[in-house]
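Please view the sequence and the structure before reading on.

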Amino acid sequence: MNILVTGAAGYIGSHACKRLLKDGHSVVALDNLLRGHRAPMDLLAARAGGRLTFLDRDVNDTPALEEVLKRHRVESVMHFAALAAVGESVQQPLLYYRNNVAGMVSLLEACDATGVSRLVFSSSCSTYGQPPERLVPIPETCPQHPISPYGRTKLMGEHLLADYAHGQRLAGRPFAHAALRYFNVAGADLEGELGEDHSPETHLIPVVLHAALGRRDGVDIFGVDYPTPDGTCIRDYIHVDDLVDAHVAVLGALKPGDGLAFNLGIGRGFSVRQVIRAACAVTRTEIPTREGPRRPGDPPRLFADPAAIQRTLGWSAKVTDLHRIIESAWAWFRAHPNGYRSG
Ligand code: UFG
């Protein structure tokens with residue numbers, strides 16, 4: 001199949017490109033390189049035998065998208081392109097609405113103009129906001145009340161898809177789509193070639209591993225007085241290769257006119273202290289920690305009820321051991337202590 005991957009040079013997009021190429025697909029990899037990296041694209045293109053075309057373009061460039069969809073006879077889209085830092089979205093909301101919401105409008109306009117009728121969208125568990133404790137583990141039916149601009153842009157993306165698909169149905173042109181609500185994506189390519197390289201880095205596992213490498217002097221624990229067994233927040237960490245595997249399963253199962261939404265998580269949570277302890281064991285390092293105040297907007301416990309995708313598609317996460325998730329990230333960081341700049 002010919003597949004457009006937007007945000008292809010980012011953390012998740014690059015892992016998706018690798019998997020799609022392995023499965024024999026042809027990939028048009030689009031990224032504006034605002035946050036993505038050229039290195040993984042070059043690495044994958046070098047052995048793709050012409051099946052990977054990298055394009056340095058923005059999803060807001062609708063004419064360029066139309067041209068790309070036509071020229072490469074694209075049949076399906078995996079839409080990862082987005083900004084994804086919650087704190088930044090609070091400070092620069094327009095940047096988020098421009099990239100995440102206007103970007104989706106532009107992509108759908110291009111799909112409309114060229115007849116592309118299948119799309120899988122990176123949504124987020126942040127669309128649920130702070131669900132009541134009785135709804136954790138979180139099912140897809142949990143009310144979506146995001147509490148950050150980032151979460152709202154992802155929910156708007158879901159609404160845009162549903163409304164667009166409805167219009168297409170009325171016009172007799174069924175459009176199939178799926179919104180995949182990610183929990184905490186973590187780890188790195190199990191073959192060690194691709195990894196996570198954000199700047200600045202704010203996610204817990206890479207922050208902890210940067211501290212183990214000596215790239216920072218320690219880890220701040222954001223809140224130790226939560227109503228959880230050890231007082232720190234609990235999250236559902238899903239390995240990036242499992243996440244990509246779910247995208248492949250969903251894309252393969254989409255039938256004309258489908259509108260699906262699935263949570264992607266392993267279905268259990270680990271606390272911040274558990275993550276740090278596991279990272280100390282994996283890296284054989286004493287990672288210094290500082291107990292600090294809560295970070296605004298962090299709910300105490302968030303983890304998925306992943307039963308729907310398991311029931312519907314038979315998908316479940318394979319890497320459920322926190323140590324293995326951290327080991328995969330650690331292997332990449334050790335080989336690339338300065339991220340993709342390490343060469
Ligand atoms: N944490 C720390 N210290 C740090 C970093 C994080 O204690 O230096 C804590 C946080 O307070 C939170 C947990 O570790 O309790 C995980 O934090 P992350 O920042 O790694 O992840 P979040 O759960 O806040 O959010 C992530 C992404 C969002 C996305 C969300 C759900 O950052 O983009 O998962 O998909 F929306």
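**Aromatic contacts and the ligand shell**

Tyrosine 96 counts as buried because its relative accessibility is 0% (buried means under 20% relative accessible area, exposed over 50%, partly exposed in between, with a 1.4 Å probe and protein chains only). The model is predicted: local features need pLDDT of at least 70, side-chain atom pairs count only at pLDDT 80 or more, and totals for chains, interfaces and linings use all residues. Residues are numbered from 1 along each chain as its sequence is written, and side-chain values use heavy atoms, with hydrogens and water left out.

**Aromatic pair**

- Tyrosine 96 and tyrosine 150 form an edge-to-face aromatic pair, 6.5 Å centre to centre with 90° between the planes (rings of Phe, Tyr and Trp, the last by its six-membered ring, pair if their centres lie within 6.5 Å; planes under 30 degrees apart count as stacked, over 60 as edge-to-face and the rest as tilted).
- Tyrosine 96 belongs to helix H5 (residues 93-114) and tyrosine 150 to helix H6 (residues 149-170), so the pair ties together parts 54 residues apart in sequence (helices are DSSP runs of H or I with at least four residues, numbered from the N terminus).
- Tyrosine 150 is also buried, at a relative accessible area of 9%.

**Ligand**

- The ligand is surrounded by 22 residues, and the closest are Asn184, Leu204, Asp220, Arg295 and Asp298 (a residue is near if one of its heavy atoms lies within 4 Å).
- A polar side-chain atom of aspartate 298 is 2.6 Å from an oxygen atom of the ligand.

Key:
Polar contact = N/O pair within 3.5 Å; in protein donor to acceptor, adjacent residues only side chain to side chain. Helix = DSSP H or I, 4+ residues; strand = E, 2+ residues; numbered from the N terminus.
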